[in-house]
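Q: I would like to learn how to read a few features of a protein model. Where do we start?

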Amino acid sequence: LPSADRGRFYAFGRVFSGRVAANQTVRIMGSNYRVGKTDDYFEKSIQRTLLQMGKHMEYLPDAPCGNICMLSGLDNCLVKSGTISTLPSAFPFKTMKFSVSPVVKVAG
């Protein structure tokens, strides 16, 4: 998601296990990452953890599992999708494939 200051983005996703917190070092596996390779793999620190409520954002010290939150400071690593983990043995989630077709057709 684009942030208020131009050129920055927030990573938006669900916490599946444990907690995610500001200043936590995480391993980022992008959509092109393959197990055992170093392509599309980064280790970075999360700058902020945020909760989006409508048009308002609230800064959080951490977010427990089950929550959907935003993370700042990872915009240089993630392009579209990826897996964020603190475990070195974690496997990435498989990238979802979308098949899109028009919902409305124009009669001719």
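A: With a term. Strands are DSSP runs of at least two residues, numbered from the N terminus. The model here is predicted. As a case of the numbering, D40 is placed in the loop between strand 3 and strand 4 (41-45).

Q: What is the phi of D40, and is D40 buried or exposed, or in between?

A: Most residues other than glycine have a negative phi. D40 is not a glycine, yet its phi is positive, about 60 degrees.

Q: Which residue in the loop between strand 2 and strand 3 can I look at next?

A: N23 sits in that loop. N23 is a residue other than glycine with a positive phi, near 65 degrees. With 63% relative accessibility, N23 counts as exposed, since the cut-off for that word is over 50%.

Q: How do I read the sheet, and in what order do its strands come?

A: Strands that pair side by side are read across the sheet. Here four strands form an open sheet in the order 1-8-5-6, with antiparallel pairing. Strand 1 and strand 6 (56-60) are the edge strands, each pairing on one side only. From one strand to the next, the twist averages 35 degrees.

Q: How many bridges join strand 1 to strand 8?

A: Five bridges join these two antiparallel strands. For a position to look at, find Y10, which stands opposite S72 in strand 8.

Q: How many aromatic pairs does the structure hold?

A: Two. One of them is formed by F16 and F93, with 5.3 Å centre to centre and 50 degrees between the planes, and it is tilted. F16 lies in the loop between strand 1 and strand 2, and F93 in the segment after strand 9, so the pair ties together parts that are 77 residues apart in sequence. F16 is exposed, at 58% relative accessible area, and F93 also counts as exposed, at 54%.

Note on methods. Residues numbered from 1 in each chain as written. Predicted model: local features only at pLDDT ≥ 70, side-chain atom pairs only at ≥ 80, totals over all residues. Heavy atoms only, no water. Phe/Tyr/Trp six-rings, centres within 6.5 Å; stacked < 30°, edge-to-face > 60°. Buried < 20%, exposed > 50% of the residue type's maximum accessible area, 1.4 Å probe, protein only. Pairing = 2+ DSSP bridges. Axes fitted to C-alpha atoms, helices over the stretch in contact; angles between N-to-C directions.
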